Amino acid sequence: MSQDRPRRIVLIDTRFQLRLAGAFLLLQVVLTGVFAFGLYLFMDSELKAGLASAHAAYRSLDQMLLPLVLVLAGFSLAVSTALVTAFVVILSHRIAGPLHRFRLVMEDLAERRVAAHARIRPDDQLGVLSQATGRALATLGADLAAAQASLGRAQAALEVGDGPATTQALRDLEGILSPWRVD
């Protein structure tokens with residue numbers, strides 16, 4: 001689990017990122033529909049006024065305007081869909097990336113491995129959580145190392161029959177573990 005190699009994952013948390021993109025796309029579809037309807041109403045009233053005053057013969061405005069509005073709205077929707085999807089994926093990397101990293105740290109802890117760090121990229125969100133996780137991992141790692149050292153001293157003292165040294169090593173171990181609470 002090295003932080004040195006860059007991740008090449010396009011969608012880190014597929015469900016979260018695609019739901020976020022879907023929400024933005026739904027918003028875009030609604031806005032495009034409102035735009036198309038407004039354009040249609042505006043053009044319809046303007047063309048009716050202009051053509052009626054010029055006494056020109058013309059086909060039904062519905063037949064003239066509807067295809068034009070549909071093509072413009074479709075083009076707008078296609079371009080905005082591509083842009084919104086790319087924007088959401090890029091933006092969500094700043095959230096999903098740190099969450100992915102923290103999930104890996106928690107999985108390591110569940111397997112009784114203390115990760116060396118939980119750092120994330122500097123421009124990612126959740127920086128405060130990264131710092132807190134880093135402090136927690138440092139505390140846990142230091143306490144585990146000290147507990148292992150005390151246990152080793154206790155075992156060595158016990159083997160040679162040094163009761164006071166064994167007692168002191170066990171007191172040291174108790175001092176390391178006593179601040180910890182399991183709620």
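This is a predicted model: local features need pLDDT of at least 70, side-chain atom pairs count only at pLDDT 80 or more; totals for chains, interfaces and linings use all residues.

Modeller: Residues are numbered from 1 along each chain as its sequence is written, and side-chain values use heavy atoms, with hydrogens and water left out.

In helix H2 (61–110), glutamate 107 and arginine 103 stand four residues apart, so about one helical turn separates them; helices are DSSP runs of H or I with at least four residues, numbered from the N terminus. Their side chains meet in a salt bridge, at 2.7 Å from N to O; the term denotes a side-chain nitrogen of Lys or Arg within 4 Å of a carboxyl oxygen of Asp or Glu. Glutamate 107 has a relative accessible area of 36% and arginine 103 one of 40%, so both count as partly exposed; buried means under 20%, exposed over 50% and partly exposed in between, with a 1.4 Å probe and protein chains only.

Aspartate 108 is buried, at 9% relative accessibility, yet forms a salt bridge with arginine 113, whose closest N and O atoms are 2.5 Å apart. Arginine 113 is partly exposed, at 42%. A network of salt bridges links Asp108, Arg113 and Glu111.

Arginine 112, in the loop between H2 and H3, is exposed, at 79% relative accessibility. Although not a glycine, arginine 112 has a positive phi of about 65°. Most residues other than glycine have a negative phi.

Conventions: Helices (H or I, at least four residues) and strands (E, at least two) are DSSP runs, numbered from the N terminus.
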